[in-house]
Amino acid sequence: MIKNRDTRLTLWLLLPVLLVLIAYVLYPSLRTFLESLNKNGSIGFENYSDFFTQESKTNLEALWNSVYISVLSVLVSALIGIPLAFIFNRYDFPGRNFFSTAAIMPIVLPSLVGVMAFMFLYGETGLIPNAIKDLFGLKDVPFKIGGVSGILIVHAYTMYVYFYMTVSSAINKIDPSLEEAAFNLGANRFKVFWKVTFPLLTPAIVAASLLVFMISMASFSAPFLLAGGYRVLSLQIYFSKINGDMEVAATQSVILSIVSISFLLFMRWYQNRKDYRMASKGIGAHRSEVKNPLMKWALVAAGVIGVIILLLPHFTILLLSLVPDGTWTWQTYPSVFNFENYRLLFEDPNIFKPLKNSLILSFIATTGNLVFGVLTSYLLVKRKFVGKSFVDILVMIPWALPATVIGMNLIFAFNEPTIFSFGNILVGTFWILPLAYFIRHIPLVVRSTNAVLEQLDDSIEEAARSLGAKWFYTFRKVILPIIMPGVLAGTLLAFVESVGEFPTSVLLYTLSNRPISIEIMNQLRMFNMGQAAAYGMIQIAIIAIILFISNKFFGVKAERSLS
Amino acid sequence: MASIKIDNVQKAFGKVVAVDGLNLDIKDGEFFTFLGPSGCGKTTTLRMIAGFYYPTKGVVRFGEKDMTRVPPEKRNTGMVFQNYALFPHMTVFENVAFGLKVRKLAVKEVKARVQEVLNKVRLEQYSDRQVSQLSGGQQQRVALARALVIEPEILLLDEPLSNLDAKLRDEMRSEILRLQKEYKITTIYVTHDQAEALSMSDRIAVFNFGVCHQVGTPTEIYNSPANDFVASFIGEINLLPVSLNRVEEDSVYVSSKNGTIIQEITVHNHPHIGEMNEQGDIALSIRPEAIKLVDVDGENVFRATVKEVHFFGSVINVQIEVDQQLLQVHTLNTLLSSKLQPGDVIRIELPKEHMRIIPVISGDAP
Amino acid sequence: MASIKIDNVQKAFGKVVAVDGLNLDIKDGEFFTFLGPSGCGKTTTLRMIAGFYYPTKGVVRFGEKDMTRVPPEKRNTGMVFQNYALFPHMTVFENVAFGLKVRKLAVKEVKARVQEVLNKVRLEQYSDRQVSQLSGGQQQRVALARALVIEPEILLLDEPLSNLDAKLRDEMRSEILRLQKEYKITTIYVTHDQAEALSMSDRIAVFNFGVCHQVGTPTEIYNSPANDFVASFIGEINLLPVSLNRVEEDSVYVSSKNGTIIQEITVHNHPHIGEMNEQGDIALSIRPEAIKLVDVDGENVFRATVKEVHFFGSVINVQIEVDQQLLQVHTLNTLLSSKLQPGDVIRIELPKEHMRIIPVISGDAP
Amino acid sequence: ACGGSEKGSSSSSSGEKDNKLEEKIVVYSPHGKDILSKFEQQFEAKYNIDVEWLDMGSQEILDRIRSEKNNPQADVWWGAPSTNFDQAKDEGLLKPYEPSYASSLDEGFHDPEWNWSGTSQTPEVIMYNSKEITKEEAPKDWDELLDPKWKDEIIIRYPLASGTMRTIFSAMIYRDYKDSNDPAKGYEWLEKLDANTKEYSANPEMMYNKVAKGEGALSVWAMPDVVMLKENKNYPFEFIIPESGTPVLTEGIALVEGAPHPKAAEAFYEFVNTPEAAKILAEEFYRIPTRDDVEGLPEWITNTEIKSMDIDWKVFQEKSDEWMKHWDENIKNGEKEIKE
Ligand SMILES: Nc1ncnc2c1ncn2[C@@H]1O[C@H](COP(=O)(O)OP(=O)(O)OP(=O)(O)O)[C@@H](O)[C@H]1O
Ligand SMILES: Nc1ncnc2c1ncn2[C@@H]1O[C@H](COP(=O)(O)OP(=O)(O)OP(=O)(O)O)[C@@H](O)[C@H]1O
Ligand SMILES: [Mg+2]
Ligand SMILES: [Mg+2]
């Protein structure tokens with residue numbers, strides 16, 4: 001039946017991918033779906049009709065707000081991420097390396113502490129508005145964040161990184177002669193960007209938009225912390241769950257997923273209308289060196305200032321970590337600084353255990369993501385098979401669902417022995433957390449890999465195979481090295497996110513694998529803002545070191561790749 | 001073993017039919033060329049042989065073996081891609097060594113063989129460069145070296161020399177030929193350069209719009225084109241639409257269709273190549289180099305006006321007008337002929353043994 | 001206004017010096033060709049004119065204006081890239097229309113002009129295709145159309161026809177020439193095809209290893225090459241290392257260096273191109289088509305053995321051996337010469353007016 | 001992989017050192033590192049049993065114990081409002097145990113079936129910023145909060161996710177509901193409170209910060225926390241116990257059904273509620289004991305007269321979800337959602 005080896009190969013590759021997706025994504029999600037069909041013991045779509053016909057319309061309102069916030073978040077994140085990616089990848093200036101790495105630091109901001117840092121910075125009593133007030137002798141603070149604008153700012157702040165990373169790796173893959181051709185035809189810088197560079201970045205932008213849209217849809221901390229009671233769907237799910245309406249929570253989750261998946265399908269359709277493979281002759285020739293110095297320095301200045309603003313919350317955390325507890329309560333500005341918080345932290349002999357746990361867990365999960373992500377992405381981009389859309393949707397589900405829902409799904413699915421867990425109960429064991437991280441970050445790695453693979457000319461693979469290389473060899477020696485910089489970008493992001501992952505951790509961690517985010521949360525719960533901040537700083541430092549190392553590692557690699 | 005048989009193959013991309021009803025029989029060790037205008041399906045056919053496309057219909061055989069759906073890496077073909085398809089993350093050396101490493105050769109041997117082939121393509125001193133730092137022609141040579149080094153059973157070359165200068169191209173041609181003869185590699189060569197095709201090939205297939213018009217040796221194709229498309233595609237040719245007057249034992253008499261001055265032209269009665277449909281349109285063909293500049297009148301001698309003179313190096317191309325019909329005349333670059341000026345009136349002879357009557361098929365190259 | 005002056009320009013990539021000490025003076029409306037072997041710096045020079053590279057040293061001027069550091073979009077040049085550089089996300093129409101849209105032309109006019117230029121490159125029916133669905137040659141034509149449609153002041157063509165078949169190439173050549181003359185566009189043409197260079201150009205610059213060896217009209221370059229590199233690069237040539245015997249008023253007498261039979265050859269005393277260093281090595285050069293097959297002895301007539309006969313379409317290439325020296329002879333494809341067989345002994349004449357003594361510079365094309 | 005153990009042993013007496021004590025025990029508790037480390041040390045010193053604790057919110061503990069039902073990891077659940085325990089009890093997650101000090105617990109401080117027992121009590125209070133408001137100005141009772149002069153001075157922790165706030169809000173409704181069986185009056189009250197509320201903050205830290213810095217001057221919160229912030233963290237907070245009475249939450253301790261280390265768990269259960277332990281909790285961690293036999297309590301406890309509201313927690317457990325849902329959907333709405 002299977003007509004040729006190529007189809008057979010596709011099947012063989014598809015098999016493990018499908019297995020993983022079905023076992024760890026579809027199966028748990030189905031349980032949520034089944035739950036949503038259950039209304040007081042009878043099966044049906046009653047919960048759904050309730051959702052839409054509910055008298056107070058809060059659900060519909062929340063749904064609308066979620067979509068609205070998500071669309072805006074995509075736009076704002078893109079507006080920050082794309083220009084930054086452009087500046088840091090197209091211009092060379094002293095410190096470029098530092099700034100371009102620093103630009104991804106927002107993602108390492110521990111979520112809760114991070115939002116608190118925002119409040120300390122920009123809230124009504126925040127440092128910046130008050131500093132401006134005092135500086136100019138104003139009567140009232142000039143601005144403060146809160147409500148929708150607050151959510152948007154925090155979303156943009158944490159999510160622009162997706163744009164920044166995917167677009168960065170795609171920019172480096174663009175054949176410079178394409179832009180040159182446009183310049184040559186008389187297009188100015190702006191036109192070239194809009195008509196050529198930007199459209200060529202479509203796969204990357206689509207990938208990032210998807211990721212951002214979905215996390216915004218599922219985003220919890222920002223609306224929760226910043227907008228008091230602004231109603232969004234993810235919060236509704238949380239409250240339904242707290243109120244014990246598991247069926248309603250499930251229904252809301254399913255609807256949220258449907259919205260996210262519709263967005264996914266729309267983006268896919270949009271992207272497939274055109275072709276973005278730069279199958280130009282030969283190798284993407286030469287790097288253009290033409291730069292307008294004035295423009296360059298203006299942009300660079302903008303980029304650097306941007307990054308400094310982006311790093312302000314980190315500095316705030318640093319500041320908080322240096323202020324001993326109880327000395328900055330009603331005062332506008334802190335006055336006492338010392339290392340008391342760090343001293344208290346380091347007195348605990350177990351301080352490094354959560355750190356180590358986080359690193360190990362993230363490493364395991366991310367390794368899995370790397371292998372699985374590259375394989376899946378290759379299948380999705382370079383192979384033809386029936387049911388591709390289905391696989392694509394499965395891949396994205398972990399982002400379409402709020403993290404807590406994923407956590408709950410896992411609990412439902414794996415607190416009893418199943419074949420997928422080889423007959424073990426996973427809940428309460430070490431392995432449940434890496435599994436959760438892995439599932440959470442499948443879409444991230446797959447999407448960012450898709451973006452680079454889509455730009456890879458097919459004839460490269462063909463050349464290798466006609467030279468006699470088997471598929472696997474070709475994959476290992478040719479495809480992988482070429483796409484690696486892009487893939488690593490996504491993987492790194494996944495790793496960093498795993499280190500800070502909170503919502504699933506809190507549901508699933510055990511004594512043996514308690515990660516750092518939980519530790520920070522606990523400090524906060526005990527009102528030890530300073531120690532939480534100090535812990536946050538340690539987390540930031542660790543991640544910064546990892547980034548630095550991999551940047552060095554990238555540096556070596558990047559030189560050998562296209563760019 | 002490495003003969004190739006293409007059996008009634010069709011390849012469609014959606015609605016676009018790139019290759020249709022193709023039958024080819026390429027012998028073991030043969031140097032076979034695909035010739036045809038841009039977009040006629042040469043690359044597509046090559047890719048079906050290499051295994052990158054599967055035919056929509058039909059069968060591809062190597063020897064007796066049905067290879068239609070065998071994956072490319074099992075075919076032992078070496079291919080030079082029209083767009084090179086070099087591995088961007090590897091150096092020149094690594095690119096070339098790739099095929100050998102796949103074959104698990106000893107490091108030493110890999111080195112030796114790569115060095116050897118790099119010498120042949122004159123890239124020895126570039127071996128450590130990244131391919132993105134090479135010029136277009138240098139990249140093309142890397143692609144060639146990469147395919148040659150594995151000494152494949154079948155060598156597929158898609159315009160492998162199009163970016164090289166004449167001199168280097170000449171050398172590469174001899175090198176390819178030498179290798180081909182030495183290792184008896186069945187070779188399929190795609191080119192748009194008919195001089196190249198004529199000088200290198202054992203046999204040539206002429207394509208247009210996905211259809212093969214003629215398969216034959218270079219002289220067959222050149223001297224006895226099957227129709228006006230083949231005739232005009234291979235080398236320059238003068239085609240005069242004519243109508244048949246009468247046929248005698250060793251001569252055919254025709255007259256120019258739109259002419260008034262030339263009453264009758266005498267043509268040798270060659271056996272016709274292709275079925276000449278006498279109901280259909282026919283044309284008189286003569287190669288520009290066959291037209292003679294003469295001083296005296298005689299059979300098939302006409303008066304002509306020089307319109308343009310082009311200098312092509314060793315050949316001079318003179319455009320003349322006879323009887324409202326433009327004709328190309330090629331003559332060697334000697335002082336004599338370079339003295340010709342536009343406006344001169346000269347006498348030309350159309351030697352009857354160099355003319356042919358061929359069928360006219362409708363349409364033109366795209 | 002659109003004359004181009006390149007003043008002592010150097011371009012280095014790290015340690016690799018791609019172009020060195022280049023001086024060129026391209027006149028307004030001129031059709032100027034860069035000719036040279038692969039990797040000699042043609043593309044690099046073109047890119048400096050287009051503004052994609054800044055010279056390491058030296059100045060580029062358009063007219064009197066120093067353009068060395070003017071950004072490319074301010075130069076009003078149209079360029080065809082060696083790798084096409086088509087926008088993959090646009091259709092053929094959109095690719096071609098790009099330059100016009102940038103210039104804010106009315107939609108109607110854009111449409112009309114694009115349609116017109118697509119007709120010229122024979123792609124009218126492809127206008128809605130994605131470029132990835134085109135064959136190599138079709139892509140190249142799109143690139144050409146895209147550059148032509150904006151009617152730039154300076155047209156930069158980097159091997160724009162290398163992937164087209166002879167027939168189409170001929171047509172495109174005339175089209176480019178026609179446009180160039182019609183709009184008086186200063187054109188720089190990069191090619192590795194010397195026939196193309198000779199037939200199209202007003203003037204040619206011959207490069208090697210980043211250095212320009214000679215600038216001149218096609219006949220100057222062909223007939224009076226400055227040195228053996230230029231001579232052998234432009235068309236085929238026979239070069240015999242010789243030593244000078246004596247110089248008389250209208251003749252120079254030389255003898256073959258490694259020969260024994262040929263005692264003396266008489267050569268016209270041309271004014272020498274390039275400074276012929278008489279201490280340095282010299283060579284006798286004669287084009288293959290200038291060698292005559294003769295029946296009787298005479299001045300400069302020698303006996304030769306036929307080694308190989310190659311068929312090139314309109315030309316037949318005969319390799320002969322005279323005095324242990326291999327020579328190429330080109331003759332037209334007539335029945336007479338095609339009767340030659342390897343092993344035949346023939347008489348050849350080296351006409352004194354077609355020979356030249358030129359300096360030999362060391363090294364060869366890479 | 002299940003650490004099942006024999007069940008059924010009901011009330012074994014405390015104090016007695018059972019040889020069969022397991023070598024380790026796992027405690028889930030929201031009490032935080034300071035308390036837990038302290039008791040870990042003391043307990044380990046006394047029994048030589050390794051104490052491992054997971055420190056998390058009480059709602060999370062409930063979720064987790066529920067999710068680990070098939071494979072219990074915890075032995076003891078220490079610290080949560082009694083309503084949480086009642087819920088867990090209904091789901092069969094707890095194992096009944098009657099401690100040795102049963103007699104010194106008031107009736108309200110333990111489950112009738114001894115599924116849990118109380119360790120401390122938490123009265124809810126009105127909290128104010130002592131830099132902004134003097135003690136005289138401060139509202140003395142719940143209803144005074146509705147005075148229009150406090151418009152935009154009240155900052156409230158977003159109630160849905162907070163046990164404390166749910167209790168307060170439910171109590172406000174319950175005041176009328178217990179007689180009328182109709183929450184309408186309570187809703188009306190909450191609506192008025194909502195009108196005065198400047199902002200609902202998402203977590204306690206933010207609420208403290210805002211009140212401390214004077215974005216708002218008033219809030220309602222749990223007394224031990226207010227005291228701790230004032231005493232330990234230097235916040236300018238004071239509290240007022242509403243004159244008409246206030247809901248007093250009982251925080252308790254319970255054993256987990258199917259716990260892997262049941263014996264050691266019982267020992268720990270006993271250990272953390274000895275009079276000495278209760279005294280430490282009161283002195284160092286501002287927790288008001290449930291036992292009536294603790295001597296020498298700090299002043300702030302003895303000096304404060306707590307008027308406890310009479311509450312049927314059963315009704316709370318049944319109704320509070322519905323009430324909160326109503327509040328969320330109908331009271332907190334319109335422009336008041338986002339208080340900027
Ligand atoms: N992937 C594709 N989708 C649709 N049409 C295609 C595709 N590939 C090729 N074609 C079309 O099929 C025809 C044959 O293409 P092919 O590449 O074989 O031409 P070719 O003979 O190699 O031309 P060239 O000499 O210009 O490279 C062309 O008209 C081309 O536009
Ligand atoms: N970016 C670069 N870095 C290093 N070396 C380069 C770079 N670009 C070109 N070169 C080198 O400079 C020399 C000139 O290159 P150029 O592309 O100008 O050649 P070309 O004359 O256009 O050749 P071709 O006809 O093969 O296209 C070559 O040796 C090439 O390897
Ligand atoms: Mg092709
Ligand atoms: Mg070039």
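This note goes through the chain contacts and the two ligand sites of a predicted model.

1. Chain pairs. There are 4 pairs of chains in contact, and of these, chains A and D share the most contacts. Chain D does not touch chain B; the nearest C-alpha atoms of these two chains are 48 Å apart. Chain D has no contact with chain C either, and here the closest C-alpha atoms lie 44 Å apart.

2. Extent of the interface of chains A and D. On the chain A side 59 residues are in contact, against 56 residues of chain D. Interface size is often given as the accessible area lost when the parts come together. For chain A and chain D the buried area is about 5100 Å², with carbon and sulfur atoms giving 52% of that.

3. Polar pairing between chains A and D. The count of salt bridges between chain A and chain D is 0. The rule finds 2 residue pairs in polar contact across this interface, with both residues of a pair at pLDDT 80 or more.

4. Make-up of the chain A side. Several helices of chain A each supply at least two residues of the side that touches chain D, among them H3 (58-90), H5 (111-122), H7 (147-171) and H23 (516-525). By class, the residues of this side are 25 nonpolar, 22 polar and 12 charged.

5. Ligand 1, surroundings. Which chains surround ligand 1? Residues of chains B and C do, so the site is shared between chains. The shell has 19 residues, and those that come nearest are B:Thr43, B:Thr44, C:Arg129, C:Ser135 and C:Gly137. Helix H1 (42-50) of chain B and helix H4 (136-149) of chain C each supply at least two residues of the shell. Its residues divide into 5 nonpolar, 11 polar and 3 charged.

6. On chain B, a backbone N or O atom of B:Gly39 lies 2.7 Å from an oxygen atom of ligand 1, and a side-chain N or O atom of B:Glu159 is 3.2 Å from an oxygen atom of the ligand. On chain C, a side-chain N or O atom of C:Gln138 is 3.0 Å from an oxygen atom of ligand 1. Of the 640 Å² of accessible area that ligand 1 has on its own, the protein covers 90%.

7. Ligand 2, surroundings. Residues from chains A, B and C surround ligand 2, so this site too is shared between chains. Around ligand 2 there are 20 residues, of which B:Arg129, B:Ser135, B:Gly137, C:Thr43 and C:Thr44 come nearest. The shell around ligand 2 has 5 nonpolar, 12 polar and 3 charged residues.

8. Ligand 2, polar contacts and cover. A polar side-chain atom of C:Thr44 lies 2.5 Å from an oxygen atom of ligand 2. B:Gln138 also has a polar side-chain atom 3.0 Å from an oxygen atom of this ligand. From the backbone, an N or O atom of C:Gly41 lies 3.0 Å from an oxygen atom of ligand 2. The protein covers 94% of the 640 Å² of accessible area that ligand 2 has on its own.

Definitions and conventions. Residues are numbered from 1 along each chain as its sequence is written. Chains are lettered from A and ligands numbered from 1 in the order in which they are written. This is a predicted model: local features need pLDDT of at least 70, side-chain atom pairs count only at pLDDT 80 or more; totals for chains, interfaces and linings use all residues. Side-chain values use heavy atoms; hydrogens and water are left out. Contact means heavy atoms within 4.5 Å. A residue is near a molecule or strand if one of its heavy atoms lies within 4 Å of it. A polar contact is a pair of N or O atoms within 3.5 Å; within protein, one must be able to donate a hydrogen and the other to accept it, and residues adjacent in sequence count only if both atoms are side-chain atoms. Accessible areas come from the Shrake-Rupley method with a 1.4 Å probe; for residues, only the protein chains shown count as cover. Ala, Val, Leu, Ile, Met, Phe, Trp, Tyr, Cys and Pro count as nonpolar, Asp, Glu, Lys and Arg as charged, and the others, Gly among them, as polar. Buried area is the accessible area (1.4 Å probe) that two parts lose on being put together, summed over both. A salt bridge is a side-chain nitrogen of Lys or Arg within 4 Å of a carboxyl oxygen of Asp or Glu. Helices (H or I, at least four residues) and strands (E, at least two) are DSSP runs, numbered from the N terminus.
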